[in-house]
Amino acid sequence: MQTKRMTFPGRWLPYALLAPQVIVTLVFFIWPASQALYQSLLREDAFGLSSSFVGLANFSRLFDDAYYLNSLSVTAVFAIGTTLLSMSAALLLAATVNRLLRSRDAYTTLLVWPYAIAPAIAGVLWWFIFNPSIGIVPYVLDMLGYRWNHRTSGTDAMLLVIIAAAWKQIAYNFLFFLAGLQSIPQSLIEAAAIDGAGPVKRFWTIVFPLLTPTTFFLLVVNVVYAMFDTFGVIHATTQGGPAQATNILVYKVYADGFVGMNIGSSAAQSVILMAIVIALTVIQFRFIERRVNY
Amino acid sequence: MVEHRPWGNLFAHSILILGVALVLFPVYIAIVASTQGPGEFLRGTLPLVPGSHALDNYRAMWETGLSRAGAPPAGQMLWNSLVMALAITFGKLSISLLSAFAIVYFRFPFRLFFFWIIFITLMLPVEVRIIPTFRVVADLGMLNSFAGLSIPLIASATATFLFRQFFMTVPEELLEAARVDGAGPLKFFKDILLPLSVTNIAALFVIMFIYGWNQYLWPLLITTDPDYYTIVMGLQRMTTAADGDPQWHLVMAAVVMAALPPVLVILFMQRLFVKGLTETEK
């Protein structure tokens, strides 16, 4: 890693400058993470008085646990649903905005502000709209012959949290798709138009392939978002229910460890989540390198 | 645009208007609900036009909150959120500026090692280490305090990387000139590097402020004293109570108040926001 050609001399100063960041990182990130690693190998007795070394038993117990396996598949459905819904809506909007010249900025302003809404608030907003007794949407659905109830139906609850999580993320995806679209050379699109390709054909044969780096990057970012940043959506609305239908991994770590006080199992779950974030971060950084090479 | 297609444009506008309407819909409903009287929700469905109780609801929420749900007045929770968000923002910005300065402008043993330690923070979000982090904060006696709400969240790899990248583009000649004139490292940092970084700092400020304001899991873990509840996490207590005992008009007033500050920041600083968002992801 480079520095400037010319640097300041200094024996203690650079360490002093780094100290605040490094101390916070060591105390609040690396130490707790290593504690989680360590505790994942221990099992506490029911009263929390003593603990014994159990090796990988916590992990093997997890993978025999039907609730944990359920949580894995729930997380997969939730992450894929949120990512697909949010990215396709954002791509449609970005490609449409990109056609317009004068109104582009106005639409952009109207579409980006949900980025500022906390996931928990997004959850509460949609929870209210879909409220089975007073919400607008169940009222309309009822006229169409569908009885919406996210308190009893797992499918309804899952749809609700996917919609809430995707809604908040559209703004982010929209901005990155719009930036990607604007960096596609106009001459390519003009050449295709002269050859007689209409807007739809141009989109699928030229624009979409050239957007691939942006799409890959957003795929990873959205999966990370859906897996880790949506704790608020779940906690403020369904709380993992009904019957575990929306119990995603981050919510389960919290519920088992912080509420249920099952330290060993929760630590093992933390370690698995860490492995997932590390894998996703590595993928993300590799794709970002490619993102600039059109 | 490549060719002139009047119908195409009409189609584009209709897609966008529909999209904007869907995006705005939940917030519109929240605003409408926050203006209703307490009886409206017992009658079945919610009206779609604003009612006349806006002032009463917002004042009630601001001054007294939902005491039955264990939620303090919104005015106080908003203040706590503001303090936490600003502390996180200033903390992140200052420690990242300092560490990027050290990494770019000095050569010293273990430089790469420190760089990796900072990088690792990206891979360890609070969500994956809830209990051990809670224990550390409890052992340090930082539960129910603003220090506990902000300090554990101020390490920032993204901000450090952004500043590092920016410092690398600052011309070498500035450093040479400063050293010829006898400026030491701290003077160079304060009088040359900081003024040059103002736009980057402002762009990151917008992103970090929204990040700080919207914290949810962390305040939930470490505050048990309602005096330290933040508005975003305090909302959850109100909704769980509202399900049994409908006070939706008050809850939605709190939702609107909780969402307004960061939304205003984005609307008024959109250019900086877009810059900050796209640069931090490089």
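## A walk through chains A and B

For chain B, UniProt lists the feature "transmembrane region" (unreviewed entry) at residues 12–33, 82–106, 113–131, 143–163, 192–213 and 248–269; such positions are given in the numbering used here, feature names are shortened, and annotations may be inferred rather than shown by experiment. Before going further, please keep in mind that this is a predicted model, where local features need pLDDT of at least 70, side-chain atom pairs count only at pLDDT 80 or more, and totals for chains, interfaces and linings use all residues. Residues are numbered from 1 along each chain as its sequence is written, chains are lettered from A and ligands numbered from 1 in the order in which they are written, and side-chain values use heavy atoms, with hydrogens and water left out.

Let us look at two of those spans in chain B. Residues 192–213 of chain B are 95% helix and 0% strand, with 31 Å between the end C-alpha atoms. Residues 143–163 of chain B are 57% helix and 0% strand, and here the end C-alpha atoms lie 32 Å apart. Helices (H or I, at least four residues) and strands (E, at least two) are DSSP runs, numbered from the N terminus.

Now turn to where the two chains meet. Chain B brings 116 residues to the contact and chain A brings 100, contact meaning heavy atoms within 4.5 Å. The size of an interface is often given as the accessible area lost when the parts come together. Between chain B and chain A, about 10,200 Å² is buried, and carbon and sulfur atoms give 75% of it; this is the accessible area (1.4 Å probe) that two parts lose on being put together, summed over both. On the side of chain B that touches chain A, helix H1 (residues 6–33) of chain B gives the most, with 18 residues. By class, that side of chain B has 82 nonpolar, 20 polar and 14 charged residues. Here Ala, Val, Leu, Ile, Met, Phe, Trp, Tyr, Cys and Pro count as nonpolar, Asp, Glu, Lys and Arg as charged, and the others, Gly among them, as polar. Across the interface of chain B and chain A there are zero salt bridges (a side-chain nitrogen of Lys or Arg within 4 Å of a carboxyl oxygen of Asp or Glu).

Chain A has its own record to follow. UniProt places "transmembrane region" (unreviewed entry) at six spans of chain A, including residues 12–31 and 106–129. Residues 12–31 of chain A are 95% helix and 0% strand, with end C-alpha atoms 25 Å apart, while residues 106–129 of chain A are 75% helix and 0% strand, with end C-alpha atoms 27 Å apart. UniProt also lists "domain: ABC transmembrane type-1" (unreviewed entry) for residues 68–284 of chain A.

Finally, chain A can be split into domain 1 (13–42 + 49–53) and domain 2 (57–291), with bounds that come from an automatic or database domain assignment. Taken over C-alpha atoms, the centres of these two domains of chain A are 31 Å apart. Seven residues of domain 1 of chain A contact nine residues of domain 2 of chain A, and the two domains bury about 510 Å² between them, 72% of it on carbon and sulfur atoms. In domain 1 of chain A, Ala36(A), Gln39(A) and Ser40(A) lose the most area to domain 2 of chain A, together 64% of what that side buries.
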